[in-house]
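Please view the sequence and the model together with the text.

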Amino acid sequence: MASHEEGRSRLDRVLGITVLTGLSLVLVVGVVFAIAYGSRNITSRATDLHTADESLRSATVVRAQVTLATYMASVDQRLGTVTLEPRELSQEEAGLALADMETGVDELRSDGVAGPDLLGAANRFGATSREALAFLDGGDVMAAQQLVDTEFDEAFRALAGHLVGMRDQLAADVEASDVLLGRIGNIARFLVAFFIPAAVILIYRELVRRRQTESDLERRLESERQLARYREEFIANASHELRTPLTGIVGMAMIAEEDRAVRESPMLKELVHTIITEANDLSRMVEDLLTTARLDAGALSYSFEDVEIDREVNNAAASLIQGGLNVTIDSEPALIRADRTRIRQVVRNLLSNAYKYGGPKVQVTGRIADMTYILSVCDDGKGLPSEVETRLFQRFVHADQRAGTIDSVGLGLSIVHALVNGMGGAVTYHRRPGETRFDVRMPLVGALLDFAGVSSDVSAAFRSERAAY
């Protein structure tokens, strides 16, 4: 009898332990699934938060660039200046940013976080942006200015309000999920400590690893938001605060240069000439800084077309010649496949580098070799020290090893290297007694080879090679 009761008691204990162990396993499995769900929820919300931030950034860039282009067009109309190239660049940047914003809003809609109000505000802002750009393309500056001052600004504020509200709500959701996940972690530790001592180390390590991963993800997302914010502020401020006033200064100085009193006064003529030269130098520095920022952000785009390289070389050298550069240009006519704006920037930077650091004799030559066009910028300076040559195309490298060389931020050659590579070409440096030379190789347009009498097989090979770029 006692043996029977003892066996029954042992059976009850085993049953109790089994039930308790089963419940513990169920709880642990539930906790694990809850943690996994919380992690996915945080990741999803964090991704939506990043998308909302990027959409807001893109909308801000659209607003800044459209306003800037309208302002430049208005200045041109009032003062008779010509800022076609920077205005077209601003309009192009506005179009690209508008496409990015609409893509981001569409992603938010696909994730189910964008409501009708946000979609309506985005559609309205996109429509007013395109209408303003259309006015500018059509030359109706007054209509563009009126639209920017009224409906365009109101549409941006409405869209920004929706995006900011969504961003704050997503941030609150991420924080709430993080708090809940922390509580679940505490429950898991309690279960591990009291019900499954044998698995305490493994489960604890898993929880710590997951929590660390979540913390790292949150830190990375915060760093990305800060970088995006800083990048946005830099580009917007630099565009508005530097490039626009410089354009106005150059324009007004060029108008003053044509004044009769200025032409008759050597001192005034030299003063106005100095203003134009220095403003052009500063404008090139600002353009280099903006290009570097876009390269870092992966936001630099290229608009490829058939470019008459000899004409662009002369256009790019015009402002430097006006500033005192003594250069001989012997550029063979040819068509290359490149971005017109960027190839001008490449030529300007190479000529500016030769003007500042090379010898007094600067020469530009261009010739066709095989299926490429070789543009060479040469000077008779002393060249670079051997220890600098290996770092020549890196940023902030100067021939005299100083970080703050006058009239330079140390970005010119690094930008040349990045832009030429981005357009499918190559740039090299050569030094021989009495000559320092930079060679830029760019692909020719296939039609030019046919025109020059090259066989169709060779022309087809060139087009295939160009496609590989």
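Met267 is found in helix 7, a helix being a DSSP run of H or I with at least four residues, numbered from the N terminus. Met267 counts as exposed because its relative accessibility is 66%, where exposed means over 50% and buried under 20% relative accessible area, with a 1.4 Å probe and protein chains only. The model is predicted, and local features need pLDDT of at least 70, side-chain atom pairs pLDDT 80 or more, while totals for chains, interfaces and linings use all residues. Residues are numbered from 1 along each chain as its sequence is written, and side-chain values use heavy atoms, without hydrogens and water.

Met267 also belongs to a nonpolar surface patch with Ile249, Leu268, Leu271 and Ile275, whose accessible area together is about 460 Å². Such a patch joins nonpolar side chains (Val, Leu, Ile, Met, Phe, Trp, Tyr) within 5 Å, from residues with over 30% relative accessible area and no salt bridge. Helix 7 gives the largest share of the patch, four residues.

Helix 7 is also among the helices that each supply at least two residues of the lining of the largest pocket:

| Helix | Residues |
|---|---|
| Helix 2 | 84-110 |
| Helix 5 | 200-257 |
| Helix 7 | 266-297 |
| Helix 8 | 309-322 |
| Helix 9 | 340-357 |

Of the 38 lining residues, Val82, Glu85, Pro86, Arg344 and Arg348 lie nearest the centre of the largest pocket. A pocket is an open set of points on a 1 Å grid where a 1.4 Å probe fits, with protein on both sides within 12 Å along at least five of seven lines, and lining residues have an atom within 4 Å of a point.

In helix 11 (residues 412-422), the buried residues include Leu413, Ile415 and Leu419. Helix 11 is followed by Gly424, which has a positive phi near 85°.

Terms used
Patches are made of residues with over 30% relative accessible area and no salt bridge: like charges are joined within 9 Å, nonpolar side chains (Val, Leu, Ile, Met, Phe, Trp, Tyr) within 5 Å. Accessible areas come from the Shrake-Rupley method with a 1.4 Å probe; for residues, only the protein chains shown count as cover. A salt bridge is a side-chain nitrogen of Lys or Arg within 4 Å of a carboxyl oxygen of Asp or Glu.
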